[in-house]
Amino acid sequence: MDVIVQDRVTLPMLDKCDVVVVGGGLSGVAAAVATARKGMDTVLVAERSYLGKEVVSSRSCILDQTDKVLSPAIKEEIIGILQEAGGYKRNRIDVSILQLVLDRLLRESLVRIYFLSKASGAVVEDGAVKGVIIANKSGRQIISCDLVVDASDGAVVARLAGARFQREDEFITVRSSFVVNNSALETPVVVRVPSEMELADDRVYIDPTLWNGELIVTFYLYGRYNPTNPRSFSTASFNSMRKVFEIMNYLKGNVPGFENAMLTGISDEPLFLNGPRIVGQDMVTFHEAIAEHIVPPGVGCAVTYMEDMNEETALFYIPYGCLRPRGLRGILVCSPHISVDQVIQPFLYQFSNAIQLGESTGRFITGVLRRGG
């Protein structure tokens, strides 16, 4: 690959704080709220113009069995506000109202927010991360801090700081969704589609939302995608868009109740359910977490899986060392890109697990790191 060497530049200092959280997903929001409420000066950097990427961009508005097992405090607060606003009924969430709720939590917790800003570098001194370099429409700036919480897509801050990552998965599962109106379906349904559509499991999953006649249609792709490669990411996005039209046409012609359905919205971007994972100070696998049920000090999460053809939901624990990139200080990863295996990773995108991960990270920071380093 050709490279261009540019002269060194002096970057302006945009902000200083105790903790900077990079990433506006559920985990990042929960971590920022948890640290700010404990009196730590907290800044959140969000790549998008909205919060709650795991749910909002993929329009995954249904809470499933896994979500029902966990009740982190911030989750219950979010659900309570959603209910007051009419945005939560029958385990279904209005994703538009959710964005407003997350924004309200951050502002009431006195978190400073920078939207449409992306991490483009890390300030590292003697193996310790001292700040992040962000890029936005004003160029590049520095936010200095005592601690970085990396809740970004792909753990980009950890990567820029020089963290090691596990070997890349050869095959990646991608989830996409679209919204349909004027359907006569009133209950969830799974529809088999022809194998020629090349979906991951030859199925699409259809769930009603809060509103009469509105449905979320979810499907999965499986292929040699690389979430950190812009060309590969673009290919996955294009394939997802193309599948939306194929699936919609099939449903209209083959599923009773879809005859008058109209496509009214699609995922803002596909969600890569497995991908980069750091090499942490600790590592946990699905077997260790579920079969051996090791319970270290750490993050309590939940998983629903098939065991002897029976659906099982179980709690498991992720050691705090899985959040700490090996060889780096001053940074915690707070996203599905922590040091777990590819079986556990997809479950960390789920609503309750994502919030639990962020809230537990915030408690760990305020309860341990600030006292003992």
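Let's start at Asp-103, which is partly exposed, with a relative accessible area of 21% in this predicted model. Its salt-bridge partner is Arg-107, and the closest N and O atoms of the pair are 3.1 Å apart. Both residues belong to helix 5, where four residues, about one turn of the helix, separate them. Arg-107 has 49% relative accessibility, so it counts as partly exposed too.

Staying with helix 5 (residues 95-108), we can look at how it packs with helix 1 (residues 26-37): the angle is about 25° and the axes are 9 Å apart. Angles under 35 degrees count as roughly parallel, and the two helices are therefore roughly parallel to each other. The crossing of helix 1 past helix 5 is left-handed. On the helix 1 side, the contact is made by Leu-26, Val-29, Ala-32, Val-33 and Arg-37, which meet Leu-102, Leu-105 and Leu-106 of helix 5. Seven of these contact residues are nonpolar, none is polar and one is charged.

Now for the other salt bridges, of which the structure holds 14 in total. Arg-112 pairs with Asp-41, with 2.7 Å between the closest N and O atoms. This pair links distant parts of the chain, 71 residues apart: Arg-112 sits in strand 5, Asp-41 in the loop between helix 1 and strand 2. Arg-112 is partly exposed at 30% relative accessibility, and Asp-41 is partly exposed at 28%.

Finally, salt bridges with shared partners join Arg-48, Lys-53, Asp-153 and Glu-269 into one network.

How values were computed: Residues numbered from 1 in each chain as written. Predicted model: local features only at pLDDT ≥ 70, side-chain atom pairs only at ≥ 80, totals over all residues. Heavy atoms only, no water. Axes fitted to C-alpha atoms, helices over the stretch in contact; angles between N-to-C directions. Parallel < 35°, antiparallel > 145°, perpendicular 65-115°, else oblique. Left-handed = near helix turned anticlockwise from the far one by under 90°. Contact = heavy atoms within 4.5 Å. Nonpolar A, V, L, I, M, F, W, Y, C, P; charged D, E, K, R; others polar. Salt bridge = Lys/Arg side-chain N within 4 Å of Asp/Glu carboxyl O. Buried < 20%, exposed > 50% of the residue type's maximum accessible area, 1.4 Å probe, protein only.
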